[in-house]
Amino acid sequence: MKIGIISLGTQNHATRRLVEASLAAGHIPRVLNPFGFYLHIGGSGAPIYYEETPATDFNVVLPRLSASTAQYGEEVVAHFEWNGTPVVNRSYAIANARNKFRALRILAQHGLPVPPSFAAGSTRYVDRSVHQTGEYPFIMKPFEGTHGKAILLLDTPTSLQSAVGAMCDLHQDYVIQPFIRESAGNDVRVIVIGGKVVAAMRRTAQAGEFRSNIHRGGQGYPIELQNEYIDTAIRAAEAMELNIAGVDLLETLAGPMVLEVNPSPGFEEIETVTGIKVAEAMIAFAVEYSKAARKTN
């Protein structure tokens with residue numbers, strides 16, 4: 001089977017492992033730079049090319065989009081879908097998950113527990129939103145972002161007002177949430193593939209840091225998930241319509257709370273911590289997904 005892996009980072013862990021897992025299973029993987037695609041609507045010839053060659057013979061496509069490739073990459077994924085190529089995560093699902101505020105809305109619409117959150121287009125009524133949402137300190141993070149970048153911890157009305165004002169001036173959209181103290185510096189990352197939990201770990205922030213992201217110096221530890229957490233992670237991936245997802249959960253006094261859902265989760269640390277071969281599970285699912293999709297067409 002010919003497997004297309006859309007990724008700009010040809011040497012990063014996830015891409016290398018997916019290539020290894022594909023080859024080990026007897027498949028033909030090809031890493032595809034999203035900016036190497038040429039997309040056509042109308043005219044003559046194929047609708048999608050990779051460099052000089054029509055990209056119409058892939059059995060299945062695995063998108064691995066980053067912040068820098070998401071906008072054009074989502075169009076590439078949509079073009080593959082239009083061409084009838086099975087894609088494990090659909091373009092609209094990727095776009096919904098990457099927008100943190102939109103994702104929270106979708107999760108809440110499906111009855112999943114999420115942090116109280118608000119977004120503001122000006123500073124005029126921020127105080128009212130604060131009173132409706134929670135108590136200081138607040139976390140402020142961009143609608144779209146990864147690895148804990150550009151996240152602010154704001155502990156006074158003045159700092160929050162100033163931050164919101166600055167972001168409005170810069171036309172940047174941010175989601176604002178109360179800092180959940182019982183989960184401070186910890187979260188749970190769960191890999192969900194094909195509606196099943198494949199691996200999970202607890203992430204703990206380094207001393208003096210409130211973000212538990214591995215890219216921020218956080219450490220991962222094995223965890224035995226309770227059924228409530230398994231069910232919440234699976235429901236979150238299903239609500240976002242993602243076949244492959246990294247679901248981040250907070251451990252609160254009221255139970256699991258969905259922080260966000262990642263459509264292209266990294267898995268180096270979770271493979272190291274758990275010993276579970278996540279890449280192999282992703283490739284196995286992609287192959288079965290392709291076969292099922294072909295049968296229905």
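Is lysine 291 buried, partly exposed or exposed? At 41% relative accessibility, lysine 291 counts as partly exposed, where buried means under 20% relative accessible area, exposed over 50%, and partly exposed in between (1.4 Å probe, protein chains only). The model is a predicted one, in which local features need pLDDT of at least 70 and side-chain atom pairs count only at pLDDT 80 or more, while totals for chains, interfaces and linings use all residues. Residues are numbered from 1 along each chain as its sequence is written, and side-chain values use heavy atoms, with hydrogens and water left out.

Lysine 291 has a partner: its side chain meets that of glutamate 288 in a salt bridge (3.7 Å, N to O). A salt bridge here is a side-chain nitrogen of Lys or Arg within 4 Å of a carboxyl oxygen of Asp or Glu. Because glutamate 288 and lysine 291 are three residues apart in helix 9 (residues 278-296), about one helical turn separates them. Helices (H or I, at least four residues) and strands (E, at least two) are DSSP runs, numbered from the N terminus. Glutamate 288 is also partly exposed, with a relative accessible area of 46%.

By this rule, the count of salt bridges comes to 10. One of them joins aspartate 248 to arginine 189, with the closest N and O atoms 2.4 Å apart. Aspartate 248 belongs to strand 14 and arginine 189 to strand 11, so the pair ties together parts that are 59 residues apart in sequence. Both aspartate 248 and arginine 189 are buried. Elsewhere, Arg17, Glu20, Glu271 and Glu280 form a network of salt bridges.

Attention now turns to the nonpolar side chains. In soluble globular proteins, nonpolar side chains tend to be buried together. A nonpolar core is a set of buried Ala, Val, Leu, Ile, Met, Phe, Trp, Tyr and Cys residues joined through side-chain atoms within 4.5 Å. The largest such core has 28 residues, and Leu107, Val190, Met240, Val247, Leu249, Val258 and Val261 touch the most other members. Among the elements that each supply at least two residues of this core are strand 11 (186-193), strand 14 (244-252) and strand 15 (255-262). Helix 7 gives the most, with five residues. Apart from this core lies another, of 23 residues, among them Val60, Val88, Ile193 and Phe285.
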